[in-house]
Structure formats: C-alpha cells, structure tokens
Amino acid sequence: MIYNIYFDEANKIDQPGKANSYYGAYGGSEQTMSEIKQTVQRIFEELGTKSELHFREYNHDQYLKKYFKALHYIINQDVNINILVVSNTEAHSIARQLNLTMMELRNLFYIKIPERLFYGVTRHLHGQVDVNIKIDRNDEYDALGLPSKIKEQMNAHSVYRSKRYKIASVESEESHESIPLQIIDTFMGIVVFLMEQSYTVDSNTALIKSDLVYRFLSEGDNVERFMKQIKLYSWNGNENLSELSVGNYVSQFMVYKSRYDVSEISKLQAVMLKNPDLSATEYRKLLEYPNTLARMLLGYKDEVEGRGRNYSLMQ
C-alpha cells in the first residue's frame, strides 16, 4: 500500500500580532488521493474555473459553487486531517529562556511539529506501507534541510514503535500545481476561521466566508464527517499535546450563523411580500446587498421558496 501525506502551515511563530500558528497534515491512500485530484479537477473544468483553492483568498461568492462542491466531495472521502495549534506566546517565552533566536526556534519546531503531525496521521496504518510526504515548496524549508530531517525522524519513529510503514520520500511541490496542498490549505483556513471566530467580524469578507462554511457544513452528514475526520491538537509549552474539540468551534459557529440568517431571511421575506415576482438581482438591490454577496441572497431566496439553501449549488 502507498499512503500520501501533504503538509502546510498557516501563520508563523514569529508573525506579528498572531496568537497562534497552525500546522496541518492531510493524508489518504494513493488511490484515494488520485481520485480526489481527478474529481476536483473535473469540478473545476465543469465550472470553467482555473483559480486555486485558498480559503484566505476566498473573498467573492462567485466561486461559491466551486468551493462548495469540492469541499463537499472531499469530506466524504476516506481522508484524515490533523492540525496542530501552537501558542506563539509560549514559543517566544521558551526562546527567551533558552536564548534562542527566532530562526533557531523555528528550525527546531519545523522538525518536531511535522513529525508529531505525520505520526498522528500514520498511526492507524497497518501492514507494510510506503509513505510519500509532500510539502509546499519553500526556500526556508530547503535551507533547513527539512525533507531529509523529516524522513529520518519518521523512519526512526516507525522502527522505535514497531510500525511497518516506511517513509519512501519527502518532496516539495508548488502549491499552484498541487490540488492536495490547496485542499489542506483550505481546510486549515476553515478551522482557523472557526477557532478565531473571524465570522464575528463586521465585514463583507467575513459574511462571504461564513456563507460558504455554513452551507458546506449543513449539507448532508458533513458536520459529523468534519468533526470525525479532523483531529485538532494544541501545544502550550508542555510535552504532551492537548486534544481540542472541533465540535465546540463548529457548534458555536452554527448557532451564530443561524441567528444571523434568521434575521436576514426575515428581511427578505418582508420585501418579497411587498414586491412579489421580482428577480434575485432586484431583491439584492432593494436589500442593498453588494454583488459579492449575490449568491448568499440567492440561497436565502431558495430557502424561503422551499427549495433549500443549497439548491442552486447541488445542480
């Protein structure tokens, strides 16, 4: 069996104004990953889009259907996602105590963090397995010799713990050429969005992202699969990692978003009663929604008319 893992990070330990940095590993069998890449690429082609998947750059809901269909498909495949949250405050404190520069600290973390993440993704594997690890191409990683260090550390782990997997390769890939790297970037972005409660920010971008996340999670069994397949851990300066409940962040978001939607749907219903038979565009203008939120309003309209929030996205 061949198993593939993709690694990415969000924020950095020394990034100003960031309380945490995030590191993610996305794993699945080579067959599963190949099917995911082919299906997501087919979704892109059917929708006539060539843009990449990056949650941070998702700021216009013209791409809602693309992101929704890709995320909905992926979460229903046999994949595992582990995300490690590192307290930057604790990391800085340790660096000061040990008189380490930030580059020295990051060097140490870049070795240990991927090792912990990858072990978490591979520990369920049984039998002889060749593992291929892909990391985002980064000059800093190359300067630190990260690929060779990860390979050595993970193979040592396998022998020490009597596992039968072997790290066959650790290679870097360009994010714009790698759908799996874009996928882990997007899922990490969603988790960070939920954890940091960025959906409470009063901005169109927060509304656009919130609408995508809500509609994705509310479809089918996606909430349950999201909580099952994503494991979230926290490092706060202790040797042992603490497991965090993804469900807590999801439930807080769903409650917040549902309350917001009830209010907006009520406004739309009132306008529709006074002005029946108008187009979605006319309703958008009456409610003073910007064009970047046109599809959010269309989802509300579909719900009011009994078709369901995601009707237009499932076609």
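Modeller: The discussion below takes these topics in turn. Please keep in mind that this is a predicted model.

Colleague: Let us begin with the sheet. Which strands does β4 pair with, and in what sense does β4 run beside β1 and β5?

Modeller: Strand β1, residues 2-10, pairs with β4 in the parallel sense over six bridges. Strand β5, residues 165-173, also runs parallel to β4, and eight bridges join these two.

Colleague: How many residues of β4 are buried?

Modeller: Residues count as buried under 20% relative accessible area. In β4, which spans residues 129-136, seven of the eight residues are buried, and the strand is thus mostly covered.

Colleague: Now the helices. What span does α2 reach from its first C-alpha to its last, and what is expected?

Modeller: Helix α2, residues 64-75, has twelve residues and reaches 16 Å, close to the expected 16 Å at 1.5 Å a residue.

Colleague: How should I read the pattern of buried positions along a helix?

Modeller: An α-helix has 3.6 residues a turn, so residues three or four places apart point the same way. In α10 the buried residues include Val246, Val250, Phe253, Lys257, Asp261, Glu264, Ile265, Leu268 and Met272. For α2, the buried residues are Leu64, Lys66, Tyr67, Phe68, Ala70, Leu71, Ile74 and Ile75.

Colleague: Which elements do the buried residues of α2 pack against?

Modeller: They pack against the strand β2 (20-29) and against the helices α1 (30-47), α7, α8, α9 (222-229) and α12 (294-304).

Colleague: Next, the backbone angles. Which residues other than glycine have a positive phi, and are they buried or exposed?

Modeller: Two cases may be examined. Gln197 is not a glycine, yet its phi is positive, at about 50°. Gln197 is found in the loop between α7 (179-195) and α8 (204-218), and its relative accessibility of 34% makes it partly exposed. Asp277 has a positive phi near 70° and lies in the loop between α10 (246-274) and α11 (280-286). With a relative accessible area of 78%, Asp277 is exposed.

Colleague: How is a pocket to be read, and how much space lies in the largest pocket?

Modeller: Rolling a probe the size of a water molecule over the atoms shows where empty space is left. Here, the largest pocket holds about 750 Å³ of space. It is lined by 24 residues, and Glu9, Ala10, Asn11, Arg56 and Asp185 are the closest to its centre. The elements that give two or more residues to this lining are β1 and α7. Helix α7 gives the most, with six residues.

Colleague: What is the composition of the lining of the largest pocket by class?

Modeller: The lining of the largest pocket has ten charged, seven polar and seven nonpolar residues.

Colleague: What is found in the lining of the second largest pocket?

Modeller: That lining has twelve nonpolar, one polar and three charged residues. The second largest pocket has about 320 Å³ of space. Of its 16 lining residues, Leu108, Phe109, Lys112, Ile113 and Trp235 lie nearest the centre. Strand β3 (80-87) and helix α4 (102-122) each supply at least two residues of the lining, and α4 gives the most, with seven.

Definitions and conventions: Residues numbered from 1 in each chain as written. Predicted model: local features only at pLDDT ≥ 70, side-chain atom pairs only at ≥ 80, totals over all residues. Heavy atoms only, no water. Buried < 20%, exposed > 50% of the residue type's maximum accessible area, 1.4 Å probe, protein only. Helix = DSSP H or I, 4+ residues; strand = E, 2+ residues; numbered from the N terminus. Pairing = 2+ DSSP bridges. 1 Å grid on protein atoms, 1.4 Å probe; cavity = no way out; pocket = protein on both sides within 12 Å on 5 of 7 lines; lining within 4 Å. Points joined across faces, edges and corners; volume = space filled by probe spheres on them. Nonpolar A, V, L, I, M, F, W, Y, C, P; charged D, E, K, R; others polar. Expected span 1.5 Å × (residues − 1). Contact = heavy atoms within 4.5 Å.
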